Amino acid sequence: MQRFNVRWVLVAIVLTGCSSMEAPEEQPDSIELTAPTRTEIESHVYPAELVMDHQAAIGLSEEQRSAIRGELQETQRELVDAEFELRARRETLVRVLSRARVDEASAMEAATQVADGERAIKLAHMRLLIRIKNHLTEEQQRALDRLRPR
């Protein structure tokens, strides 16, 4: 039995659906709305590694250091549980997809469960980034913006 990466299956499903969609007609007076890119989002938050690497340069207080450490520990506990659950969900999806005839409803339910697990992990990461930012002063944020690798 050949093993494959479930993410690639989901990507293929999404791309197949997107490629069959027709492009909307251009309207000259319409406003084009685009979602922010990952880089645009990342430019407004501060990863723990960046803060830890420059804690002296930004004048991180012991209170801030302790609070951020607590946020990291809480998030790590949450992520370990979420990762175990996600891997179990992926196993289920692989098992459903590996059959000669795939029950579409079962496969879609399993794929939804995988997507929900991935979403939970992404939200936990975003929550951590928001909490770290909220522990920093505006001056510290500006300093990190200057220290951030380009």
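This is a predicted model: local features need pLDDT of at least 70, side-chain atom pairs count only at pLDDT 80 or more; totals for chains, interfaces and linings use all residues.
Q64 has a relative accessible area of 11%, and because the cut-off for a buried residue is under 20%, Q64 counts as buried. Leaving aside residues up to four places away in sequence, Q64 touches G59, H135, L136, T137 and Q140.

Staying with α4, its packing partner here is helix α5, residues 104-135, and the axes of the two lie 9 Å apart at an angle of about 170°. Angles over 145 degrees count as roughly antiparallel, and α4 and α5 are therefore roughly antiparallel to each other. Sorted by class, the residues in the contact of α4 with α5 are 17 nonpolar, eight polar and ten charged.

Now to the largest nonpolar core, which has twelve residues in all, among them Y46, L50, V51, I58, I68, L128, L136 and L144. At least two residues of this core come from each of α3 (48-53), α5 and α6 (138-147), and α3 gives the largest share, with three residues. If we look at L144, and again set aside residues up to four places away in sequence, its contacts are Y46, L50, V51, H54, I58 and L136. Another core, of nine residues, lies apart from that one and includes L79, A82, L93 and A110.

Finally, a word on confidence: the chain averages a pLDDT of 85, with 77% of the residues scoring at least 70. Over residues 1-25, however, the pLDDT is below 50, and this stretch has eleven contacts in the model beyond near neighbours in sequence.

Technical notes
Residues are numbered from 1 along each chain as its sequence is written. Side-chain values use heavy atoms; hydrogens and water are left out. Buried means under 20% relative accessible area, exposed over 50%, partly exposed in between (1.4 Å probe, protein chains only). Contact means heavy atoms within 4.5 Å. Axes are lines fitted to C-alpha atoms, for helices over the stretch in contact, and angles run from 0 to 180 degrees between N-to-C directions. Helices (H or I, at least four residues) and strands (E, at least two) are DSSP runs, numbered from the N terminus. Angles under 35 degrees count as roughly parallel, over 145 as roughly antiparallel, 65 to 115 as roughly perpendicular and the rest as oblique. Ala, Val, Leu, Ile, Met, Phe, Trp, Tyr, Cys and Pro count as nonpolar, Asp, Glu, Lys and Arg as charged, and the others, Gly among them, as polar. pLDDT is the predictor's confidence in each residue, from 0 to 100. A nonpolar core is a set of buried Ala, Val, Leu, Ile, Met, Phe, Trp, Tyr and Cys residues joined through side-chain atoms within 4.5 Å.
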